[in-house]
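Q: I have a model open and want to go through it piece by piece. Can we start with the strands?

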Amino acid sequence: MSDVLATQTFGKGERGDGGRFKRQTSAFRDWVTSDGSSGYPAEAGRYHLYVSLACPWAHRTVILRQLKGLQEAIGMSIVDPVRDERGWGFSGEPGTTLDEVNGWSYLSEGYAATDPSFDSRITVPVLWDTVTGRIVNNESADIIVMLNSAFDEFASVPDLDLYPDALRDEIDAINETIYENVNNGVYRSGFASSQEAYEEAVFPLFATLDALDERLATRRWLVGKQQTLADWRLFTTLLRFDAVYVGHFKCNLRRIVDYPHLSGYLRDLYATPGVAETVDIDQIKRHYYLTHGGINPSAIVPAGPVLDLDAPHGRERLGG
Ligand SMILES: N[C@@H](CCC(=O)N[C@@H](CS)C(=O)NCC(=O)O)C(=O)O
């Protein structure tokens, strides 16, 4: 296990001042469009997703592919949940896949093919273009917007719109707070290397969860009367919270099960057809507890908690 324990947690420039974690910005930000005006036209069978089922950012893209019915049009390779010092790799262990598109052993091969001078952290998700042989985009927030509408011609659920024009401003605004305090807030807590940096992250995290619980007392979804990208962006963090972030990242003022509304909301999203198939709690736990040697040097994966994501949520009464 020593190679696992040595795995880095930070990339170049991610150690901010005062023990703060500063997430690197994503390097590849091109766009696939339905009309091809961006140089990357939507086509069936052309683009491929590289994901980890453990990663909350990649999980967003897996969910969008599933909900839009894009499994036929966009292939997907699943990396091993535990990284070694060479980064994300493919061994085909149960619940993962080999990379049948490019035959890579490591995802770093795709980064090197796209930009030989790339020397930051190799991250998932990656949207790969088989025609130009390069990464189109490695930012989950962009990829889910593309999957929501650019591939509708090839989607089996083309009418599902999780980012409707009329709600965009409100979705963008709530995403900003949730990204900063919740999605990235758990990482800023967990990767903090000073008491001050940890407290700067953990208190706003719980203040935001408290506010979201209140918001969700009277409304079924975060924005409007329908599910939106904002819900799915929050979902992947809530799903990992009690199993991983409470212990591993020290986000332990409260658990999600302690929140009356957030807990039901999590189960409501989980019950959406197709979503449970994208969830692998075992890979999630193994990824975090075995990859971040700096914060879990014993590499022991805890047995609990016992989660009951299938319990009734009773939120239909809120409408929407
Ligand atoms: N901004 C990126 C972040 C992706 C990201 O940080 N992914 C993590 C996994 S959860 C990763 O690949 N980490 C690789 C590493 O730390 O070496 C996105 O949202 O797409």
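Q: Which residue is the bridge partner of Asp129 in β4?
A: Arg134 is the bridge partner of Asp129. This is a predicted model, in which local features need pLDDT of at least 70 and side-chain atom pairs count only at pLDDT 80 or more, while totals for chains, interfaces and linings use all residues. Residues are numbered from 1 along each chain as its sequence is written, and side-chain values use heavy atoms, with hydrogens and water left out.

Q: In which sense do β3 and β4 pair, parallel or antiparallel?
A: Antiparallel, over 3 bridges, with β3 at residues 126–129 and β4 at residues 134–137. Two strands pair if DSSP finds at least two bridges between them. Strands (E, at least two residues) and helices (H or I, at least four) are DSSP runs, numbered from the N terminus.

Q: What about the turn in that hairpin?
A: There are 4 residues between β3 and β4. Gly133 in the turn has a positive phi of about 65 degrees.

Q: Switching to confidence. What is the average pLDDT of the chain?
A: It is 95, and 97% of the residues score at least 70. pLDDT is the predictor's confidence in each residue, from 0 to 100.

Q: Where is the pLDDT below 50?
A: Over residues 1–8; beyond near neighbours in sequence, this stretch has 16 contacts in the model. A contact means heavy atoms within 4.5 Å. Where pLDDT is low, the predicted coordinates should not be read in detail.

Q: Now aromatics. How many aromatic pairs does the structure hold?
A: 22. One of them is Phe21 with Phe191, edge-to-face at 5.1 Å centre to centre and 80 degrees between the planes. This pair links distant parts of the chain, 170 residues apart: Phe21 is in the loop between α1 and β1, and Phe191 is in the loop between α6 and α7. For the rule, rings of Phe, Tyr and Trp (its six-membered ring) pair if their centres lie within 6.5 Å; planes under 30 degrees apart are stacked, over 60 edge-to-face, and the rest tilted.

Q: Is Phe21 buried or exposed?
A: Phe21 is buried, with a relative accessible area of 4%. Phe191 is buried as well, at 7%. Buried means under 20% relative accessible area, exposed over 50%, and partly exposed in between (1.4 Å probe, protein chains only).

Q: Which residues do ring pairs link into a cluster?
A: Phe21, Trp57, Tyr179, Tyr187, Phe191, Phe206, Phe241, Tyr245, Phe249 and Tyr288. The charged end of Arg23 sits over the ring of Tyr187, 4.7 Å from its centre. That label needs NZ of Lys or CZ of Arg within 6 Å of the ring centre and within 35 degrees of the ring normal.

Q: And what does Arg188 touch?
A: Phe21, Glu180, Asn181, Ala197, Glu200 and Ala201, not counting residues up to four places away in sequence. Arg188 lies in helix α6 and is buried, at 16% relative accessible area.

Q: Why is helix α9 called largely enclosed?
A: Because 9 of its 11 residues (the helix is residues 260–270) are buried. Among them are Leu262, Tyr265 and Arg267. The buried residues of α9 pack against α7 and α8.

Q: Last one, how many disulfides?
A: 0. A disulfide is a pair of cysteine sulfur atoms within 2.5 Å.
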